[in-house]
Amino acid sequence: MKRCYSTFKKPLNSKNLRLFALESCKSINQIKQTHAHLITTGLIVHPITANKLLKLLIASSFGSISYAHQLFDQIPKPDVFNYNTMIKAHALKPTSSHNSMRIFLSMVRVPGYLPNRYTFVFVFQACGNGLGVLEGEQIRVHAIKTGLEDNLYVSNALIRMYANWGLVDDARKVFDWSLDQDLYSWNIMIGGYVGSGELGRAKEMFEEMSERDVVSWSTMIAGYVQAGCFMEALDLFHEMLQTGPLPNEFTLASALSACANLVALDQGRWIHVYIDKSVIKMNEQLLASLIDMYAKCGEIHSAAKVFHNEYGPKLKVWPWNAMIGGYAMHGKSREAIDLFEQMKVKNVSPNKVTFVALLNACSHGKLVEEGRAYFKSMASSYRIEPEIEHYGCMVDLLGRSGFLREADETVLNMPMAPDASIWGALLGACRIHKDIERGQRIGKIIKELDSDHIGCHVLLANLYSASRQWDEAKAVRQKIDAGSRKKTPGCSSIELNGMFHQFLVGDRSHPQTKQLYFFLDEMTAKLKNAGYVPEFGEVLLDIDDEEDKETALSKHSEKLAIAFGLINTPPGTAIRIVKNLRVCADCHEATKFISKVYNREIIVRDRIRYHHFRDGFCSCKDYW
């Protein structure tokens with residue numbers, strides 16, 4: 001006789017059924033229904049079941065912290081895991097970190113309840129994210145009393161707490177006193193030094209590490225980028241590729257940022273290819289870095305191609321900001337506005353950075369009405385209160401467009417006190433429109449705010465020079481020279497075969513100096529034959545001899561960099577220059593002629609924007 005065997009498994013008991021029901025919840029209503037079942041069956045008093053429901057309410061996208069609090073308050077005897085879950089829920093947000101402290105204190109008041117290592121990890125995290133030193137020290141006393149301060153997880157959380165406060169020396173003391181250290185301990189300390197701007201000490205620790213992971217390398221590379229040490233960032237990135245672990249999306253975002261700031265287009269393109277060929281997760285921050293790299297390297301069409309045609313939908317604001325900012329930088333104001341309108345259609349919410357880019361686009365395109373409307377819409381349509389950067393954009397837009405009185409009134413009606421940069425933007429507009437009287441008044445205001453503000457003194461000297469008031473210009477210049485701060489010298493750089501060549505005004509330190517100055521003389525003669533007339537208004541001092549004035553202008557750093565590019569690259573090759581200051585009127589005019597006489601495309605990125613020179617014209621249409 002054949003025997004029949006059932007293939008059905010043993011039925012789930014009621015508790016397992018409810019846990020399964022919890023895991024399958026897809027909305028807050030389903031959670032509430034399951035919660036009601038747990039109450040009626042009495043399973044809600046079981047700590048594991050209650051904790052499962054708490055975690056679901058806190059961690060899921062459809063959860064509710066307030067609902068979780070109501071549940072927690074209804075648990076007759078919450079255990080340590082329940083407390084830890086609630087402490088962790090509030091630890092990550094500065095606005096709610098005080099709740100972590102409150103829950104912790106209520107826990108330690110319960111007789112027989114002792115916090116475990118995870119409790120201290122979460123509450124130290126809360127202290128570092130929003131609570132003060134006093135609260136953190138109080139929690140540390142509790143950790144000492146329970147004998148958990150020397151636990152690896154707890155000591156790491158303590159190091160991070162001090163590092164988040166910027167107290168890196170205190171963090172280092174905990175690190176040095178710790179009985180046990182792991183790779184995470186070292187990475188926290190390096191991150192602490194980087195966050196405090198102590199790159200030297202960060203690099204020392206990095207060099208001392210017996211083992212480094214991708215976080216160690218990425219933190220150091222990001223630190224160099226944040227400090228403006230872009231060459232060092234790329235050097236370390238190249239070392240990582242040779243000897244370290246494979247880079248991740250965060251490493252590559254920092255490396256792309258370094259390329260963007262150096263205008264290292266070839267290296268940026270290599271990273272783009274590396275991303276496509278590797279199994280690198282293209283998140284939206286990395287995508288934004290890639291777009292920003294192409295835009296800042298002068299390849300706005302490549303940036304647009306990456307944005308529009310690659311890597312799927314853009315659901316976050318970062319890629320949109322990068323593309324709008326790129327269009328603004330290249331003077332493509334209408335394209336920036338069109339993209340912002342597309343962003344609204346896609347229901348991507350703008351942020352403060354979006355409006356800085358958008359207002360800059362309006363400024364570069366002289367779109368005054370549009371700028372006024374977008375500035376007004378910040379608060380009325382998006383509940384974004386304009387900050388000082390947005391007011392600076394509006395002052396620049398109005399001032400450069402000739403609305404000096406309105407720009408002046410905008411400054412006076414700001415809800416916050418205008419700083420020297422805001423007044424400097426208005427002073428720059430006075431220079432453009434030769435409004436001497438207003439410029440002098442603003443100059444006095446800036447002197448009261450910051451008597452050593454070099455940039456504004458230079459603007460005032462330029463204002464006098466442009467109006468040929470040589471005595472006044474000389475007096476301001478003498479004050480600059482006598483001051484404790486020194487004017488940032490004009491510096492232009494060009495990349496050739498992976499090497500960066502930098503030139504200062506009147507620079508004679510380059511190995512090709514003799515050849516460069518001979519070429520400059522020859523180039524100046526050719527430009528004059530083509531109709532170029534030097535803009536003497538850019539000469540700060542009253543130089544009587546016309547030839548001396550021309551010589552002063554010909555030694556500007558961007559002319560030296562362009563001459564180097566013309567000498568060392570084949571005919572027809574585009575020349576890319578980066579300048580640390582705003583390009584002067586004479587160099588702008590001269591570069592237009594150079595592009596025509598030598599049949600070259602010359603791409604110049606100055607402190608303000610990009611200029612694409614081709615066939616005797618500039619993309620800015622002489623408005624910059």
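Let's start with a close pair: Arg-372 forms a salt bridge with Glu-369, their nearest N and O atoms lying 2.5 Å apart. Here a salt bridge means a side-chain nitrogen of Lys or Arg within 4 Å of a carboxyl oxygen of Asp or Glu. The model is a predicted one, in which local features need pLDDT of at least 70 and side-chain atom pairs count only at pLDDT 80 or more, while totals for chains, interfaces and linings use all residues. Residues are numbered from 1 along each chain as its sequence is written, and side-chain values use heavy atoms, with hydrogens and water left out.

Arg-372 and Glu-369 are three residues apart in helix α22 (residues 368-382), so about one helical turn separates them. Helices are DSSP runs (H or I, at least four residues), numbered from the N terminus. Glu-369 counts as exposed at 54% relative accessibility, whereas Arg-372, at 24%, is partly exposed. For these words, buried means under 20% relative accessible area, exposed means over 50%, and partly exposed lies in between (1.4 Å probe, protein chains only).

In general, an α-helix has 3.6 residues a turn, so residues three or four places apart point the same way.

Lys-559 and Asp-586 form a salt bridge, with the closest N and O atoms 2.6 Å apart. Lys-559 belongs to helix α31 (residues 557-568) and Asp-586 to helix α32 (residues 585-597), so this pair ties together parts that are 27 residues apart in sequence. Lys-559 is buried at 6% relative accessible area, and Asp-586 is buried too, at 0%. Elsewhere, salt bridges with shared partners join Asp-408, Asp-435, Arg-438 and Arg-441 into one network. Over the whole structure, the search finds 23 salt bridges.

Finally, let's look along helix α2 (residues 28-41). Ile-31, Thr-34, His-35 and Leu-38 are buried in α2. Viewed down the axis, the buried residues of α2 fall within an arc of 105°, so they line one face of the helix; the arc is that of the directions from the helix axis to the C-beta atoms. The face turned away from this buried side carries the exposed residues Asn-29, Gln-33 and Thr-40. Just after α2, Gly-42 takes a positive phi of about 80°.

Technical notes
Helices (H or I, at least four residues) and strands (E, at least two) are DSSP runs, numbered from the N terminus.
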